Amino acid sequence: MNWTLPENIATYGGKIDAVFWVITIVTAIAFVLVEVGIIWFTIRYRQREGRRAHYTHGDKNLEILWTAIPALAMVVLGIYSAGVWADIKGRESAPAESLHIGVRAKQFEWNVTYAGADEVLGTNDDFTIRNQLHFPANEPILVWLEAEDVLHSFFIPQLRVKQDAVPGMTIPVWFEATRSGEFQIGCAELCGLGHYRMRARVFIHEQADYEAWVGEQIASRGQTGEAEETELATAASAPEAADEPASTHDHSAGGM
Amino acid sequence: MMERIRLWTTVAAVGLAWGCGGGGGDAGGGEPAAGDGGDQAAAPTIDPATAGAITGSIAFEGDPPAAQPIDMSEEPDCAAGYADGVTTQQVLVSNGQLGNVFVYVKEGLSMEFPAPSQPVVLDQQNCRYHPHVLGVQVDQSLQIQNSDPVLHNINTQPTTNRGFNISQPQQGMQTSRDFGMAEVMIPVKCDVHGWMNAYIGVVDHPYFAVSAADGSYSIPNLPPGEYVLEAWHELFGAQTANVTVGDGATMEVGFTFNAGMAENAVVPLGEPLVVKHASDGSLTTVRGSAGD
Amino acid sequence: MATIVAQPTGVPVVEEHHEMSFIRKYIFSTDHKVIGIQFLFLSLFFLLVGGLLAMMMRWQLAWPGKAMPFGGLFPEAMAPGGIMLPEFYNSLVTMHGTFMVFFAIMLLLVGVYANYLIPLQIGAPDMAFPRLNMISFWLAVPAGVIALASFAVEGGAAGAGWTSYAPLSALPEASGVSLGQQMWIVSLVILGLSSILGSTNYITTVINMRAPGMTWMRLPLTVWALFITAILALLAMPVLSGALIMLLFDQTLGTHFFLPASGGQPLLWQHLFWFFGHPEVYILILPAMGFASEILAVGSRKPVFGYKAMVGAIIAIAFLGWIVWGHHMFQSGMNPVLGTTFMVSTLVIAVPSAIKTFNWMGTMWRGNLHLHSPMLFAIGFVMLFVIGGLSGIFMASAPFDIFIHDTYFIVAHIHYVLFGGALFAIFGAIYYWYPKMFGRMMSERWGKIHFGLTFIFFNLAFFPMHTQGLAGMMRRLYDTSGYTHTADIQDTHLLISFSAFALFASGAIFAFNFFWSMFRGERAPDNPWNATTLEWQTPSPPKHGNWEEAPVVYHGPHEYSHPDVTDKDWLAQNERPDVVSPARH
């Protein structure tokens with residue numbers, strides 16, 4: 001049984017794991033202090049005939065002390081966490097140069113859409129593969145996450161990435177893997193009777209292997225490389241949507 | 001314990017009837033009702049001396065759309081059943097004949113037919129439904145079974161009947177259901193394996209058939225009369241024909257489908273989905289820029 | 001601050017003495033004590049039901065797909081041949097949470113003890129609105145019956161989790177559950193009404209009916225906790241009821257509050273649910289904190305350390321509790337900037353919890369600890385609540401929450417807070433106030449055995465869930481095999497399941513002790529624990545109307561081991577100062 005976190009293969013995973021260890025140390029100190037104190041008091045001050053308890057209503061200095069120290073610790077932890085949070089999930093956090101992939105979750109499948117020969121997502125040469133996410137290592141990946149029916153949650157433990165997929169929203173999720181290998185997407189949000197096995201395989205390739213894989217897929221679909229925007233993409237009726245890519249970003253992450 | 005709970009339920013359910021979205025108890029309840037049906041009304045007698053039949057064959061003109069390969073590699077237990085790979089089965093054409101077409105008498109019957117007591121079997125084998133298109137009578141037991149060692153769910157999506165969405169996580173599991181009202185067709189899908197789909201035609205008489213791989217079908221033992229016959233295909237839609245069956249006559253009725261008809265048909269279930277662009281979302285982004 | 005509060009008239013003590021029929025006395029009673037005891041039986045029943053559902057889940061997780069013992073009793077739609085179906089597992093997940101949160105813990109804390117204790121501890125003859133109180137109980141009963149009955153309807157009980165996230169909860173075609181989900185909604189709307197009526201009553205009673213001399217700063221901490229809890233419930237429950245009715249409309253009338261098809265927002269449900277849900281979490285822990293403070297003072301023979309800080313912490317938690325709901329939604333797709341805000345408020349709420357913990361330790365410090373069953377459970381409460389509180393810091397930190405959100409780490413956390421926290425305090429409270437309720441003592445020996453076994457098996461059952469969560473195991477999985485990152489998790493499942501079965505079995509010791517003592521327990525004196533608060537200064541059990549003469553309060557709530565009092569180590573709140581005259585606090 002694994003007692004701590006699984007292997008980390010995300011470029012930002014180290015930051016998340018560092019938060020974990022910092023909190024572990026802080027809470028371990030508090031834990032030992034309190035539990036040892038309680039056990040010690042329970043033994044030391046257990047009832048004895050003829051002894052009277054010490055009469056006191058408290059101590060103002062102690063109250064200030066044990067209010068201030070936790071408050072300080074929490075504020076520091078908050079500031080530290082806020083920085084890491086912004087680096088990973090902030091709206092501006094995704095690297096400017098990244099490979100875009102569409103992931104649409106439905107009961108109980110992950111449909112992954114890749115840009116076709118034109119390398120543009122949202123055009124009619126895109127191709128969709130069920131339950132297989134392929135991408136290269138050492139390149140930032142930006143997943144546009146959608147859900148078709150109910151809530152799902154996109155979770156790749158080794159990549160330290162989790163994001164709920166919400167019907168009606170398109171949510172950007174980015175990550176970058178440090179090595180190739182085969183992993184899994186799990187669904188982390190209860191989505192119905194097949195929730196427990198709503199998983200997909202994740203293939204992280206070396207860059208060259210990825211190019212080759214994409215080429216193979218395009219070839220097997222007999223595509224020419226000529227691509228138009230799909231009807232669906234142009235029909236997007238959000239006023240700010242079609243023209244500038246930036247608006248997608250705003251809309252999807254915004255809202256509530 | 002369960003008895004008591006059921007008692008409470010009845011009390012509660014009465015109170016909640018306003019909330020249950022309509023539909024009496026007969027709309028596809030869990031209890032197999034086939035036996036009951038047999039007791040109530042005797043089957044109308046069809047005089048074998050005058051009974052006729054409709055037979056025929058379904059033709060397909062032009063090039064049928066190519067079947068798409070299905071990647072079952074994630075489910076090795078199922079993939080093992082297909083040595084040469086596996087493709088979608090929406091369009092079954094051989095020698096210009098179309099299989100899996102549901103043909104039934106749509107109008108013209110006035111008798112009431114009790115449900116037969118023997119069930120119709122819908123099997124899930126190698127991650128496919130067998131058969132892909134089937135017919136049952138109203139209240140006839142539909143026996144659903146899982147022959148695969150993997151989870152399947154059976155999600156029926158009727159419009160007239162009340163649907164159900166149940167699972168069979170283990171090999172050998174069986175469940176019986178029935179439908180209380182006639183409905184052509186009820187789509188069935190497995191949400192675990194998006195390529196799995198089937199269609200059930202529920203009719204209130206025994207005069208229906210599904211065309212075989214060679215396109216042929218046969219509806220025997222039909223009393224003489226004037227009928228409207230309908231042929232339904234999941235991609236190419238429905239066609240009707242008027243047919244008059246005389247005493248002891250066997251009428252031949254053929255239908256012809258072609259690829260152009262697919263435009264009006266429903267989108268097949270289980271095809272890989274293109275990332276859709278809901279009215280409030282768009283995805284017109286290009287490789288290389290994450291936006292602002 | 002006024003020291004004398006006029007005894008309200010119109011609750012004549014004399015009138016209560018004529019004979020009442022059995023039904024008026026025990027079924028449709030307006031006596032707050034009878035209602036409290038009725039709630040006790042009701043909520044213990046649901047604790048048992050919730051526990052049984054958990055045992056079935058633990059069976060499935062330890063031996064996935066194997067037929068359950070007695071599985072043949074289940075109908076085909078739940079477990080054909082005793083093999084649990086995934087949709088039934090989802091119903092178990094949902095209804096375990098629903099029963100435990102709404103019908104067991106909440107009713108035990110508030111239904112039982114707010115009703116039973118508030119009038120007795122403030123020196124009032126009954127609640128301000130006795131009939132409202134009766135209605136509140138008789139609404140909770142049908143609510144529970146409807147929730148239970150939902151298991152037997154077509155499609156089974158609700159299966160979208162106790163949080164019933166939309167759209168799954170709103171779309172029968174996605175969940176396979178329609179009537180069961182609607183019954184869940186109706187049940188909780190009725191229970192919410194019960195809770196709203198009860199809360200109105202508790203608040204009114206505490207404000208208006210305190211005995212002469214019972215100033216705010218002389219209220220026992222239990223009353224403070226229950227009072228603040230009632231305010232939280234009064235404000236939070238209507239939000240839940242409104243959201244539930246919107247969900248019902250989405251299901252039945254074709255509205256789209258939570259469905260994106262016509263511009264609805266799935267996230268709106270989460271905002272509404274957690275705007276109720278996070279105050280609800282404190283509804284489930286504040287009274288427990290009150291019980292623990294009370295019992296620790298009695299058991300340590302010391303006044304509560306930092307009484308004012310304790311009151312302040314309760315109020316601070318109640319305020320902050322309203323602005324932290326978003327920490328349930330860090331990964332929901334909510335704007336990440338909001339995540340930062342909620343992270344800060346959530347971390348801040350750890351501070352009052354820390355203050356309370358240190359003050360509990362201060363209360364024990366240099367005490368003369370009587371380690372009887374209530375005291376053991378109160379100490380156990382502090383030890384386990386601390387673990388639950390500290391594990392909360394991990395998920396309060398939004399970046400680390402990315403990893404542990406919706407994993408077993410959360411399951412471990414909520415059970416440390418609600419079982420290790422709330423339920424341990426409830427067990428302590430039951431042992432502590434049992435003599436007052438039933439006039440007999442519970443067995444001390446069996447009480448200690450119950451504590452020991454519960455403490456050990458609780459930790460064995462729930463601590464390993466932290467490691468499962470850190471390994472990345474998701475929540476609410478019917479079968480966890482098939483995930484490569486948790487391929488070796490089955491041994492831990494077995495350990496947890498065996499411990500859970502033992503934990504459930506140790507509950508049988510409690511049940512036996514509870515019922516046996518009712519008839520065979522040692523007769524209880526009026527004040528078996530030598531406690532100072534008012535409820536112990538009246539007979540066990542108190543008569544209808546509570547007091548032979550209305551009490552007048554002269555002292556603070558926890559005057560133990562006062563140096564001026566030499567013949568005993570406690571000073572009842574209503575002991576006259578001309579008998580003893582300690583420094584007033």
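The model is predicted: local features need pLDDT of at least 70, side-chain atom pairs count only at pLDDT 80 or more, and totals for chains, interfaces and linings use all residues. Residues are numbered from 1 along each chain as its sequence is written, while chains are lettered from A and ligands numbered from 1 in the order in which they are written.

Chain A has five helices and ten strands. Helices (H or I, at least four residues) and strands (E, at least two) are DSSP runs, numbered from the N terminus. Of its 256 residues, 46% are buried. Buried means 20 or more other C-beta atoms within 10 Å of a residue's own, exposed 12 or fewer, partly exposed in between, with C-beta atoms placed from the backbone.

The contact takes 82 residues from chain A and 92 residues from chain C. Two residues are in contact if their C-beta atoms, placed from the backbone, lie within 7 Å. On the chain C side, helix 11 (residues 336-364) gives the largest share, 16 residues.

The table gives that side by class. Ala, Val, Leu, Ile, Met, Phe, Trp, Tyr, Cys and Pro count as nonpolar, Asp, Glu, Lys and Arg as charged, and the others, Gly among them, as polar.

| Class, side of chain C that touches chain A | Count |
|---|---|
| Nonpolar | 52 residues |
| Polar | 30 residues |

**A helix pair in chain C**

Helix 3 (residues 86-122) and helix 14 (residues 408-438) of chain C pack at an angle of about 30°, with axes 11 Å apart. Axes are lines fitted to C-alpha atoms, for helices over the stretch in contact, and angles run from 0 to 180 degrees between N-to-C directions. Helix 3 and helix 14 of chain C are therefore roughly parallel (an angle under 35 degrees). Their contact has twelve nonpolar, no polar and no charged residues.

**The core**

The largest nonpolar core has 346 residues; C:I105, C:A292 and C:A425 have the most contacts inside it. Such a core is a set of buried Ala, Val, Leu, Ile, Met, Phe, Trp, Tyr and Cys residues joined through C-beta atoms within 7 Å. Beyond four places in sequence, C:A425 is in contact with residues including C:A288, C:A292 and C:F381.

**B:G96**

B:G96 sits in the loop between strand 2 (93-94) and strand 3 (97-98) of chain B. It counts as partly exposed because it has 14 C-beta neighbours inside 10 Å. B:G96 and B:E61 are 35 residues apart in sequence, and 6.5 Å apart in space, C-alpha to C-alpha.

Conventions: Parallel < 35°, antiparallel > 145°, perpendicular 65-115°, else oblique.
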